[in-house]
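Colleague: I am new to this structure. Could we go through some of its features together?
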Amino acid sequence: MALSPHVPELGALELLLAVARLGSVGRAATELGVSQPTASARIKGMERQIGVPLLDRSPRGSTPTEAGRLVVEWARQVVEAAQALDAGIDALRGRRDAKLRVVASLTVAEYLVPGWLLALAEVSPGTAVTLRTANSARVAEHVLAGNADLGFIESPTVPAGLAGTVVAADSLVVVVAPGHPWARRRTPLTGPELAATPLVLREPGSGTREVLEAALAPYGGAALPRMELASTTALKAAAMTGAGPVCLSELVVSEELATRRLVAVPLADGLDLRRPLRAVWPQGQRPGGPARELLSLTRSSRRSPT
């Protein structure tokens, strides 16, 4: 399917990310090696193309608007994916034989895998990597079918037929828009309350949903969802527009919590939403070659201080 004419080019997205990080169109222009008038014109052209203002401009600098913050988040995912693609193309142009097929759940693919693949490109520049994304249930199916050398899942347990190891720790949080009544709670949210509340959820088969449903099983299980969405970006957007409470990974909402675009609801002690993130492979087939190298890098990053 062809992209709509509203999707900016990659260079414009890189410029927007630089402005959001540096707080100034001028500083972003200097970093990217273009003139400030050129950078300003490119930002304005992108605003016309998308149809919404992206920056609030003042004598003190430029900061993203509410819409701009969403575009920045989406742009970051596109640029990181392009960087991984660039690394893969470099490996292909080197005419090396090493190939690695990875399939990962959305949270891991968006927030952890790009860094791991960039590290792999540094230590093994001849490895051609393909990355597919799917929910955790589909990741397991791909690995079992031999369609991937290594998978990454968010499920609370290792699926049958697979072996695995924990590569990162994560925790789910319940988030709401600042105007939601739960944003002003003084008492922790209990398991029965959360179980009785229709939430905005990921689709069945998602690791995030599996962890939530397992945590709510002692309280009668989760209520019928208010709506089901297939991406973390859509879930965050729904929460910020007040569609209802959303349960998401801390990795996914850290920026929104820091900027108060979303508020984390305090949870009662008995409500355990922690989860391991795992690498998985077919049982009895220990990863070798590039898959072993990538697995080693995930462990190294886990040991590194943050």
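This is a predicted model: local features need pLDDT of at least 70, side-chain atom pairs count only at pLDDT 80 or more; totals for chains, interfaces and linings use all residues.

Colleague: Where is the place of Ser249?

Modeller: Ser249 belongs to strand β9, residues 246–249.

Colleague: And what is Ser249 in contact with, leaving aside its neighbours within four places in sequence?

Modeller: Its contacts are Thr107, Asp170, Ser171, Leu172 and Arg275.

Colleague: Changing topic, how many salt bridges does a search of the whole structure find?

Modeller: The search finds 16. In one of them, the side chains of Arg57 and Glu47 meet at 3.2 Å, N to O. Arg57 lies in strand β1 (residues 55–58) and Glu47 in helix α3 (residues 36–50), so the pair links distant parts of the chain, 10 residues apart.

Colleague: Is Glu47 buried or exposed?

Modeller: Glu47 is buried, because its relative accessible area of 13% is under 20%. Arg57, at 42%, is partly exposed.

Colleague: What does Asp272 form a salt bridge with?

Modeller: Asp272 pairs with Arg274, and their closest N and O atoms are 2.9 Å apart. Arg274 is exposed, with a relative accessible area of 62%. Shared partners also join Glu73, Lys236 and Glu256 into one salt-bridge network.

Colleague: What about the largest pocket: how many residues line it?

Modeller: It is lined by 21 residues, with Ala81, Ala84, Leu85, Leu117 and Leu131 nearest its centre. The space in this pocket is about 400 Å³.

Colleague: Which element gives the largest share of that lining?

Modeller: Helix α4 does, with 8 residues. By class, the lining has 13 nonpolar, 4 polar and 4 charged residues.

Terms used: Residues are numbered from 1 along each chain as its sequence is written. Side-chain values use heavy atoms; hydrogens and water are left out. On a 1 Å grid over the protein atoms alone, a cavity is a set of points where a 1.4 Å probe fits but cannot get out, and a pocket is an open set with protein on both sides within 12 Å along at least five of seven lines; lining residues have an atom within 4 Å of a point. Grid points are joined across faces, edges and corners, and a volume is the space filled by probe spheres set on the points. Helices (H or I, at least four residues) and strands (E, at least two) are DSSP runs, numbered from the N terminus. Ala, Val, Leu, Ile, Met, Phe, Trp, Tyr, Cys and Pro count as nonpolar, Asp, Glu, Lys and Arg as charged, and the others, Gly among them, as polar. Contact means heavy atoms within 4.5 Å. A salt bridge is a side-chain nitrogen of Lys or Arg within 4 Å of a carboxyl oxygen of Asp or Glu. Buried means under 20% relative accessible area, exposed over 50%, partly exposed in between (1.4 Å probe, protein chains only).
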